[in-house]
Amino acid sequence: MSDKEDKIIFFQPDQELGKSSFLAQEGISAGFPSPADDFKELRISIDREVVKNEEATFYARVSGESMQGAGLDDGDLLVIDRSLEPQDNKIAVCFIDGEFTVKRLKVEKDCVYLMPENPKYQPIKVTEDNELIIWGVVTYVVKKV
Amino acid sequence: MFALIDCNNFYASCERVFQPQYEGKALVILSNNDGCVIARSNEAKALGIPMGAPAFKFRNEFKKHNIRVFSSNYPLYGDMSHRVMKILETYTPNVEIYSIDEAFLKFEGFDYFDLNAKGLKMRKQVRKWTGIPVSVGLAPSKALAKIANKIAKKFDKRTQGVHCIDSDKKRLKALKWTPIEDVWGVGRQHAKRLQAMGITTALDFVNLPDEWIKKQMSILGLRLKRDLEGVSSIQLEEVAPAKKSIAVTRSFKNILNIFSSLEERITTYTLLGAEKLRKQKSCATALHVFVRSNPFDLNAAQYRNCCTLTLPHATDSNFVLNRYALMGLRSIFKPGIEYKKAGVILLGLTPSSSRQISLFEQDTVKHTALMQTLDKIHRRYGPHQMKLASQDLKQTWKMKREHLSNRFTTEINEIIRVK
């Protein structure tokens with residue numbers, strides 16, 4: 001499908017950035033400095049925008065419709081930052097009962113719920129019988145329009 | 001003070017980060033071609049699966065104990081290692097990457113800080129950010145830091161994975177606890193000889209007279225003794241590298257910013273690594289290259305990148321290794337960056353069964369011509385018509401990797417799926 005295109009769309013801008021700044025520097029050593037160099041800004045990079053913590057950032061692909069209401073559709077790319085503390089109302093990738101799931105966290109006094117955002121799905125009540133790992137907090141969703 | 005940070009059962013831990021269902025379960029990782037066991041989880045160790053166990057001999061054993069088997073996934077391990085090392089580098093500018101899963105950190109001028117607390121913080125951060133559990137050993141010398149690390153790992157409940165040898169009492173207790181064969185830098189031969197003389201612990205060793213050690217084990221043995229006495233004397237390169245990987249990483253004296261100078265550095269590191277590789281009679285099956293700018297220069301543009309390449313066959317050849325190392329460098333080099341450090345880590349080491357390729361080691365010009373001829377033949381008659389003599393001719397070209405997990409962090413089509 002469009003997986004290949006996603007890859008190119010996602011990573012290319014940053015490489016372009018490197019090339020452009022390199023050329024400008026070469027220009028300086030070659031002769032008269034470009035007056036525009038002082039005002040030169042880095043080209044926009046999606047990577048820089050969505051990745052705040054490179055070492056803690058991982059990606060996941062959404063499978064299914066359980067979070068449709070939150071704008072997470074089947075096939076979307078999720079950016080996960082594991083360095084963030086999971087909190088009430090955050091959307092997180094969790095591992096429960098042998099599989100990964102993405103849900104909104106609802107933290108109550110002595111209980112955690114994994115809340116879907118689609119009326120067709122039931123909230124998951126996490127009890128002592130479940131083994132829950134809150135794997136990482138979702139910070140961005142990248143979707144193809 | 002030095003810290004040795006060691007990732008616990010690193011390859012197994014990498015697999016578990018993305019497949020948490022194997023947490024607490026026995027698992028083993030096989031060498032390239034699924035030949036033999038190169039890494040084990042604690043549970044697999046407890047079941048008595050030895051290191052180097054040939055996979056075909058242990059197939060029933062794996063089944064019987066429900067041991068999950070993985071092919072080695074170097075792109076994944078390389079990337080996870082890179083993340084761990086990068087986090088460690090935020091704690092001190094002096095980081096020496098010792099192998100894919102170990103690093104020495106040197107703390108200078110931190111005497112009044114609570115290093116144990118720092119160790120706990122490091123451990124917690126690495127675990128949370130990357131999912132990789134690490135053990136931290138802190139001590140005034142590298143050899144002692146190694147021992148402290150072992151203690152931290154062995155008694156992880158009590159130590160919470162961090163142990164600091166910061167008093168003479170602790171040092172002597174640790175030395176008494178450490179068998180001589182486990183002391184960093186004491187080879188099997190020396191260990192045997194020492195044991196025969198009744199020297200069974202690190203403490204016994206330290207009590208030997210200097211003259212005797214110098215005579216029997218050269219100046220290196222004496223430096224080791226000093227190190228164990230708490231006086232830092234051992235330089236990193238002086239001790240034989242860990243068996244499963246060979247790392248050559250250095251900071252540059254001056255900033256490098258053009259490709260050709262980095263190319264030169266990477267080549268030098270690769271050849272150094274290859275030399276060590278041949279010395280211990282091993283071949284590498286994968287290779288990790290990284291470059292980075294100076295993270296402590298706040299005015300410079302920051303960049304760091306790495307890549308891990310799986311080699312087409314196990315090799316100890318300068319030429320082949322370097323070709324791949326430079327291929328890796330080309331894919332991660334970004335112009336306009338002031339590079340401060342680079343490194344090459346040779347991975348997936350297997351014993352070399354042949355030394356034929358060394359014919360070409362010194363003669364890269366001829367080797368180039370040879371490779372060009374080979375490439376021509378391949379173009380004309382199809383690929384893989386001719387192989388290097390050191391390749392196992394019985395082996396089919398394609399590597400056997402039946403139990404390979406996804407490249408969760410380096411290939412976008414293989415990332416985790418969430419429902």
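Two residues are taken to be in contact if their C-beta atoms, placed from the backbone, lie within 7 Å. With that in hand, the predicted model can be read from the meeting of its chains. The contact draws on 29 residues of chain A and 19 residues of chain B. On the side of chain A that touches chain B, two or more residues come from each of helix 1 (3–30), strand 1 (57–62), strand 3 (91–96) and strand 4 (99–108) of chain A. Helix 1 of chain A contributes the most, with 8 residues. Sorted by class, this side of chain A holds 12 nonpolar, 9 polar and 8 charged residues.

Strand pairing also links the two chains. In general, strands of a sheet pair through backbone hydrogen bonds, either parallel or antiparallel. Here strand 1 of chain A runs parallel to strand 14 (residues 416–418) of chain B, and the pair is joined over 3 bridges. Within this pairing, Val62(A) is found opposite Val418(B) of strand 14 of chain B.

Chain B also has a sheet to explore. This open sheet is formed by 5 strands in the order 5-6-1-7-8, with mixed pairing. Strand 5 (95–99) and strand 8 (162–164) of chain B are its edges, each pairing on one side only. From one strand to the next, the twist averages 15°. Strand 1 (residues 2–7) and strand 6 (residues 102–106) of chain B pair in the antiparallel sense over 5 bridges, and Ile5(B) stands opposite Ala103(B) in strand 6 of chain B. Helix 5 (residues 115–130) of chain B packs on the sheet, where strand 1, strand 7 (134–139) and strand 8 of chain B are touched by this helix. The direction of helix 5 makes about 160° with that of strand 7 of chain B.

Key
Residues numbered from 1 in each chain as written. Chains lettered and ligands numbered in written order. Predicted model: local features only at pLDDT ≥ 70, side-chain atom pairs only at ≥ 80, totals over all residues. Helix = DSSP H or I, 4+ residues; strand = E, 2+ residues; numbered from the N terminus. Nonpolar A, V, L, I, M, F, W, Y, C, P; charged D, E, K, R; others polar. Pairing = 2+ DSSP bridges. Axes fitted to C-alpha atoms, helices over the stretch in contact; angles between N-to-C directions.
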